[in-house]
Amino acid sequence: QVQLVESGGGLVQPGGSLRLSCAASGSAFNIGAMGWYRQAPGNERELVATITKDGSTNYAGSVKGRFTISRDSAKNTVSLQMNSLKPEDTAVYYCNGDVSTYRSVFKNYWGQGTQVTVSS
């Protein structure tokens with residue numbers, strides 16, 4: 001069955017950069033609209049960035065100009081390049097999106113999350 005697997009999280013200093021990756025694995029055939037969300041302890045999960053099947057992107061105002069979402073549909077992968085990181089970017093980052101298999105229409109999936117910590 002389908003899984004979304006995030007990687008690339010870690011600890012980085014303010015002003016630093018990280019690149020997160022999300023791979024649709026298992027029986028994934030195609031990916032549709034995809035996005036990155038984040039959730040800090042005690043907070044609601046919030047949208048960070050989205051990318052449509054044709055590559056159109058949208059960003060939360062707090063990350064616009066600093067983060068870049070991209071996709072490689074042939075590899076069923078979506079990435080988030082995070083530059084000029086701030087302490088308030090600290091959160092668990094989740095990959096989300098629509099994935100199809102040979103046996104099913106598009107369904108929505110969530111990854112398990114990857115921790116991003118921005119601290120001196």
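# Close-up views of a predicted model

**View 1. The largest nonpolar core has 30 residues, with Trp36, Leu80 and Tyr93 making the most contacts inside it.** A nonpolar core here is a set of buried Ala, Val, Leu, Ile, Met, Phe, Trp, Tyr and Cys residues joined through side-chain atoms within 4.5 Å. The elements that give two or more residues to this core are β3 (18-25), β4 (28-39), β5 (46-51), β7 (67-72), β8 (77-82), β9 (91-101) and β11 (114-118). Strands are DSSP runs of E with at least two residues, and helices are runs of H or I with at least four, numbered from the N terminus. Buried means under 20% relative accessible area, exposed means over 50%, and partly exposed lies in between (1.4 Å probe, protein chains only). In soluble globular proteins, nonpolar side chains tend to be buried together.

This is a predicted model, in which local features need pLDDT of at least 70 and side-chain atom pairs count only at pLDDT 80 or more, while totals for chains, interfaces and linings use all residues. Residues are numbered from 1 along each chain as its sequence is written, and side-chain values use heavy atoms, with hydrogens and water left out.

**View 2. Here are the neighbours of Tyr93.** Leaving aside residues up to four places away in sequence, Tyr93 touches Glu6, Leu20, Trp36, Tyr37, Arg38, Val48, Phe67, Leu80, Met82, Gly113, Thr114 and Val116. Contact means heavy atoms within 4.5 Å.

**View 3. Phe29 and Tyr102 form a tilted aromatic pair.** A search of the whole structure finds 3 aromatic pairs. Their ring centres are 4.3 Å apart and their planes meet at 40°, so the Phe29 and Tyr102 pair is tilted. Rings of Phe, Tyr and Trp (its six-membered ring) pair if their centres lie within 6.5 Å; planes under 30 degrees apart count as stacked, over 60 as edge-to-face and the rest as tilted. Phe29 lies in strand β4 and Tyr102 in the loop between β9 and β10 (104-110), so the pair ties together parts that are 73 residues apart in sequence. Phe29 is partly exposed at 36% relative accessibility, whereas Tyr102 is exposed, with a relative accessible area of 69%.

View 4. Tyr94 is buried, with a relative accessible area of 14%, while Trp110 counts as partly exposed at 40%. Ring pairs also bring in Tyr37, linking Tyr37, Tyr94 and Trp110 into a cluster. Look for Arg45 too: this residue lies over the face of Tyr94, at 3.8 Å from the ring centre, and over the face of Trp110, at 4.6 Å from the ring centre. A charge sits over a ring if NZ of Lys or CZ of Arg is within 6 Å of the ring centre and within 35 degrees of the ring normal.

**View 5. Cys22 and Cys95 form a disulfide.** The count comes to 1 disulfide (a pair of cysteine sulfur atoms within 2.5 Å). The sulfur atoms of Cys22 and Cys95 are 2.1 Å apart. The torsion about their S-S bond is about -80°, so the disulfide is left-handed. Cys22 belongs to strand β3 and Cys95 to strand β9, and the pair links these distant parts of the chain, 73 residues apart. Both cysteines, Cys22 and Cys95, are buried.

**View 6. Arg38 makes polar contacts with Glu46 and Asp89.** Arg38 lies in strand β4 and is buried, with a relative accessible area of 5%. The side chains of Arg38 and Glu46 are joined by a polar contact of 2.7 Å, and the contact between the side chains of Arg38 and Asp89 is 2.9 Å. A polar contact is a pair of N or O atoms within 3.5 Å; within protein, one must be able to donate a hydrogen and the other to accept it, and residues adjacent in sequence count only if both atoms are side-chain atoms.

**View 7. Gln39 is found in strand β4.** Gln39 is partly exposed, with a relative accessible area of 26%. The side chain of Gln39 reaches the backbone oxygen of Asn43 at 3.0 Å.
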